[in-house]
Amino acid sequence: MRYAQGGGLTAEGRRRRQQVRVEAARRFVRRVPAAVIAAELRVSERSVRRWRQAWRAGGPAGIASRGQAAQCRLDEGQLAALEVALGAGPLAAGWTDQRWTLARVRDLVAAKFKEQYTVPGIWYLLRRRGWTCQAGARRAIERDDGAVEVWKTQTWGQIKGRRRLSAAGSSSRTNPASR
C-alpha cells in the first residue's frame with residue numbers, strides 16, 4: 001500500500017500488517033484453505049498463497065516483515081536543500097528554460113549531493129516528498145476567450161456545415177447512392 005506522502009507504510013502500519021501474517025500462519029497450521037483465510041483477513045488470495053509458501057520454506061521467520069523496502073540515501077538536511085533548489089527553479093540550477101525533468105533533477109542530485117539515482121528512483125523520491133507531475137495550469141497570455149467562443153459558435157458552424165438528414169439508403173459500395 002502506498003501513500004502520496006511518506007512513501008509507504010509507517011512503522012505502525014508494518015506492525016499491523018505483520019499481525020495479519022501471524023494470524024494467517026496460525027490458520028496455515030490448521031490447514032485452512034487460502035480463499036477462506038483471504039476472506040477472513042480481508043487480503044488477496046495471492047498474498048495468502050505467497051505467505052504460505054514463505055511460511056513453509058522458513059517457518060514464522062519466513063513471513064516476518066523485512067522492514068522498509070528502500071531507504072532514502074539523502075538525509076533530512078539534503079532533502080531540505082533539494083526542496084529549496086527545486087523551488088528556485090531550473091534557471092537557478094543552470095538550465096535555460098523553466099522545465100524540471102526527472103533527468104535534470106537526477107543530475108542536480110548527483111552534482112549537489114554526490115548521490116547517483118536512476119530516473120525512476122528520482123520519481124519515487126519526488127513522489128514521497130509530495131511532488132507531482134507538471135500539469136499545464138496556465139494559459140497563453142495572448143489567449144482571448146471571447147474570440148475563441150465566437151469562433152466556436154459562428155465560424156466552426158460554417159466550416160462544419162449542416163448535418164444531412166438521414167434517409168434510407170444502402171451500405172453497398174456498388175450502389176451509386178451510397179457514395
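I counted a salt bridge wherever a side-chain nitrogen of Lys or Arg lies within 4 Å of a carboxyl oxygen of Asp or Glu. By this rule I get 14 salt bridges.

**Ground rules.** This is a predicted model, where local features need pLDDT of at least 70, side-chain atom pairs count only at pLDDT 80 or more, and totals for chains, interfaces and linings use all residues. Residues are numbered from 1 along each chain as its sequence is written, and side-chain values use heavy atoms, with hydrogens and water left out.

**Confidence.** I looked up pLDDT, the predictor's confidence in each residue, from 0 to 100. The chain average is 84, and 82% of the residues score at least 70. Over residues 1–6 pLDDT stays under 50. For that stretch the model has 15 contacts beyond four places in sequence; a contact means heavy atoms within 4.5 Å.

**Layout.** I took helices (H or I, at least four residues) and strands (E, at least two) as DSSP runs, numbered from the N terminus. The chain has 8 helices and 0 strands. Along the sequence the pattern reads α-α-α-α-α-α-α-α. I then took the contacts between residues at least 6 apart in sequence: 45% of them join residues at least 24 apart.

**Burial.** I called a residue buried under 20% relative accessible area, exposed over 50% and partly exposed in between (1.4 Å probe, protein chains only). Of the 179 residues, 23% count as buried. For areas I used the Shrake-Rupley method with a 1.4 Å probe; for residues, only the protein chains shown count as cover. The chain exposes about 13800 Å², with carbon and sulfur atoms supplying 52% of it.

**Cores.** In soluble globular proteins, nonpolar side chains tend to be buried together. I searched for nonpolar cores, sets of buried Ala, Val, Leu, Ile, Met, Phe, Trp, Tyr and Cys residues joined through side-chain atoms within 4.5 Å. The largest has 13 residues. Leu-74, Leu-82, Leu-86, Val-105, Val-109, Ile-122 and Leu-125 touch the most other members. Helices α4 (76–88), α6 (102–113) and α7 (119–128) each supply at least two residues of this core. Apart from it lies another core, of 12 residues, including Ala-24, Ala-25, Ala-34 and Ala-38.

I followed one residue up. Leaving out residues up to four places away in sequence, Leu-82 touches Leu-74, Leu-108, Val-109, Phe-113 and Leu-125.

**Salt bridges.** Arg-143 pairs with Asp-145, their closest N and O atoms 2.6 Å apart. Arg-143 is partly exposed, at 39% relative accessible area. One network of salt bridges with shared partners joins Glu-23, Arg-26, Arg-27 and Glu-40. Within it, I looked up Glu-23 and Arg-27, where the closest N and O atoms are 3.2 Å apart. These two are 4 residues apart in helix α1 (residues 11–29), so about one helical turn separates them. Glu-23 is partly exposed at 22%, whereas Arg-27 is buried at 13%.

Arg-106 bridges to Asp-107, with closest N and O atoms 3.4 Å apart. Arg-106 is partly exposed at 26%. Asp-107 is partly exposed too, at 37%.

**Surface.** I checked for a nonpolar patch: side chains of Val, Leu, Ile, Met, Phe, Trp or Tyr joined within 5 Å, from residues with over 30% relative accessible area and no salt bridge. Trp-151, Trp-156 and Ile-159 form one, with about 340 Å² of accessible area together. Trp-151 sits in helix α8 (residues 145–160). At 41% relative accessibility, Trp-151 is partly exposed.

Terms used:
Patch = residues over 30% accessible without salt bridge, like charges linked within 9 Å, V, L, I, M, F, W, Y side chains within 5 Å.
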